[in-house]
Amino acid sequence: MIATETTLDLSVPQSRYIASTKRYKHADGPYRCGKTWALLWAVVQHCLYYDGKNGRGGPARVYIIKETYSALLDSIVADFQTMCDIFCEELVSFPKSPPNVQATFKNGSKVFFRPADDPVTARRRVGATLSMLAWDQIETCDPATFSPFNSRVSMKNVICQTLTTSNPEGHDWVWRKFIDPTAPLVRAGSVEMVQFHVSDNEANLPPGWLEDQKNSMTAQEIKQYLEGSREDFSGLIYPMYREGVHVIDDFEPPATWKKYRGIDFGVTSPTTCLCVAISPQNQVVVYDEYYAVADTLMEHIDRINEMCGDTEFEAGVIDPSCINAHHDKYGRSYSIRDEFVEAGIDVIPGTRDWDSSTSFLRWLMKVNPVTGKPRILFTRRCPNILKEFTGYRTKDSDLDAAGRMYGRDGAHKGADHAIDPTRYVAAYLRPKFIEYDSPEAARKLTPEEYEDAHCWESPGGAPRRELAWQSR
Ligand SMILES: Nc1ncnc2c1ncn2[C@@H]1O[C@H](COP(=O)(O)OP(=O)(O)OP(=O)(O)O)[C@@H](O)[C@H]1O
Ligand SMILES: [Mg+2]
């Protein structure tokens with residue numbers, strides 16, 4: 001297929017994408033992983049090969065499509081010009097004023113650059129025959145714009161192909177058309193789906209680019225736009241969680257900080273204990289985590305006691321269902337909580353109000369725009385809760401338009417074995433925040449301290465900044 005010797009080095013997915021002769025080729029992957037470059041080079045190769053000579057079809061006629069003219073001119077047109085200047089020197093003309101944006105090769109092959117909502121294409125459903133359609137970032141376009149272009153790809157004596165690229169947007173129309181194993185085109189074997197990764201293209205990116213991006217993205221954005229995950233991220237309950245914001249390496253709470261622990265008991269699922277410390281200024285740190293499956297309750301209790309050592313806890317809070325009768329002992333019925341208490345782990349039942357305790361934990365996790373810090377931090381000694389934040393989500397419809405939750409415990413997807421005990425402790429600590437936010441407390445603060453403490457929404461959602469300020 002490749003007509004000329006080139007000095008262009010291609011990554012493995014780029015080579016596979018370019019070499020495939022399937023009717024549809026889809027490049028899927030995160031930012032900056034070389035998808036557009038592969039698409040453009042495939043177009044160049046196609047144009048050089050199909051010159052209409054020696055029984056080959058042609059000259060080639062290719063449409064390159066992107067969302068709008070400005071998207072085309074900002075990126076693709078410039079990349080195409082650079083690529084041709086450096087690696088092929090076969091262009092004879094390349095006007096760039098819309099609607100006349102087209103590159104002509106010496107052999108007569110032509111590439112037309114068109115926006116997805118091109119009115120000319122929309123009017124003339126049956127237009128010029130194409131040998132190739134190349135569509136960059138197709139996920140940004142209306143799916144209804146696809147067929148009018150695609151149906152033109154029918155030139156004789158040519159391997160007619162439609163090339164697409166996209167950034168992952170969950171289970172969107174692109175996924176349903178080119179990736180879902182049950183999609184008709186996929187089932188028929190007509191699609192070459194090539195997964196691209198940033199690591200394939202690291203050599204062509206500025207040093208430090210990946211690290212910079214990671215630090216500015218949420219965990220969900222990292223999975224989606226840096227790792228290329230097609231997972232459906234809708235409905236995350238803690239979407240504000242960011243590794244770069246909420247996680248600290250390690251932390252030994254000073255003696256002046258009060259300590260609490262939250263416990264969740266599981267039989268087949270893990271039993272967990274999260275240790276939480278709070279500063280006199282109400283900074284919360286979740287500093288240690290027990291998370292394990294074991295054969296017996298006593299095994300968990302021993303290991304939790306071992307982890308906590310001789311730390312003095314102000315209080316412990318346990319899953320409220322652990323106060324139910326569980327087994328008989330010494331001639332009376334015992335609960336899970338009784339066993340913990342008997343072993344020196346004093347615990348009271350946690351809240352049953354999932355909705356308001358979740359709201360409050362979300363509020364703790366919000367970032368104060370003044371200090372850039374959330375009210376709650378987690379150390380790397382708690383890897384499971386950090387993992388749970390990125391997977392715990394509502395079932396489709398229990399977030400309303402304003403993002404409030406209609407929560408019912410049990411109506412959620414994803415693990416919450418470590419989130420739940422943290423939520424119990426957070427709910428237990430909530431009165432401290434209300435006290436701290438009171439007008440009496442506000443009067444004792446300097447304006448700077450006040451601004452720092454009050455520039456967030458109140459627990460529960462309603463902005464309290466104005467109110468509290470007025471009552472100073
Ligand atoms: N084979 C290659 N040789 C040289 N440079 C390359 C190659 N592949 C990609 N690049 C460079 O890497 C950069 C990123 O590639 P490209 O624009 O194709 O990524 P992308 O996957 O389309 O990213 P995005 O999703 O952000 O549009 C390009 O600007 C290009 O300069
Ligand atoms: Mg691109």
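This report walks through a predicted protein model, from its overall make-up to a few local details.

## Ground rules

Because this is a predicted model, local features need pLDDT of at least 70 and side-chain atom pairs count only at pLDDT 80 or more, while totals for chains, interfaces and linings use all residues. Residues are numbered from 1 along each chain as its sequence is written, and chains are lettered from A and ligands numbered from 1 in the order in which they are written.

## The overall picture

The protein has 18 helices and 20 strands. Here helices (H or I, at least four residues) and strands (E, at least two) are DSSP runs, numbered from the N terminus. Of the 472 residues in the protein, 35% are buried. A residue counts as buried if 20 or more other C-beta atoms lie within 10 Å of its own, as exposed if 12 or fewer do, and as partly exposed in between, with C-beta atoms placed from the backbone.

Two residues are in contact if their C-beta atoms, placed from the backbone, lie within 7 Å. Among contacts with a separation of 6 or more, 69% link residues 24 or more positions apart.

## Two nonpolar cores

A nonpolar core is a set of buried Ala, Val, Leu, Ile, Met, Phe, Trp, Tyr and Cys residues joined through C-beta atoms within 7 Å. The largest one has 50 residues, and V43, C47, V62, I64, M132, L133 and A134 have the most contacts inside it. Helix α2 (residues 35-49) gives the most to this core, with 11 residues. A second, separate core of 47 residues includes I263, I376, F378 and Y392.

Let's zoom in on one residue. Leaving out residues up to four places away in sequence, L133 touches Y63, F149, N150, V153, T162 and L163.

## Around the ligand

Which residues come nearest to ligand 1? Of the 15 residues around it, these are G34, K35, T36, W37 and N204; a residue is near a molecule if its C-beta atom, placed from the backbone, lies within 6 Å of it. Helix α2 gives the most to this shell, with three residues.

The shell around ligand 1 divides into five nonpolar, seven polar and three charged residues. In this count, Ala, Val, Leu, Ile, Met, Phe, Trp, Tyr, Cys and Pro are nonpolar, Asp, Glu, Lys and Arg are charged, and the others, Gly among them, are polar.

## A seven-stranded sheet

An open sheet of seven strands runs in the order β10-β18-β13-β12-β11-β14-β17, with mixed pairing. Strands β10 (247-248) and β17 (348-349) stand at the edges with a single partner strand each, so one side of each is left without a neighbour in the sheet. Two strands pair if DSSP finds at least two bridges between them. Strands β13 (residues 284-292) and β18 (residues 376-379) pair in the parallel sense over three bridges, and V284 has I376 as its bridge partner in β18.

What about β12 (residues 271-278): how many of its residues are buried? Eight of the eight are, so β12 is largely enclosed by the rest of the structure. T271, C273, C275 and A277 are buried on one side, and T272, L274, V276 and I278 are buried on the other. Seven bridges join β12 to the antiparallel strand β11 (residues 258-264), where R261 stands opposite C275. Eight bridges join β12 to β13, also running antiparallel, and V276 is paired with V286 there. β12 and β13 form a hairpin with five residues between them, and N282 in the turn has a positive phi of about 70 degrees.

## Loops worth a look

K22 sits in the loop between α1 (12-19) and β1 (24-28). K22 is partly exposed, with 15 other C-beta atoms within 10 Å. Setting aside residues up to four places away in sequence, K22 touches S190, V191 and E192.

One joins G58 and P59, with omega about 0 degrees, and P59 lies between α2 and β2 (61-66). Another joins P98 and P99, again with omega about 0 degrees, and P99 lies between β4 (96-97) and β5 (100-105).

Finally, Y330 has a positive phi of about 45 degrees although it is not a glycine. Y330 is in the loop between β15 (325-329) and β16 (332-335), and is exposed, with 5 other C-beta atoms within 10 Å.
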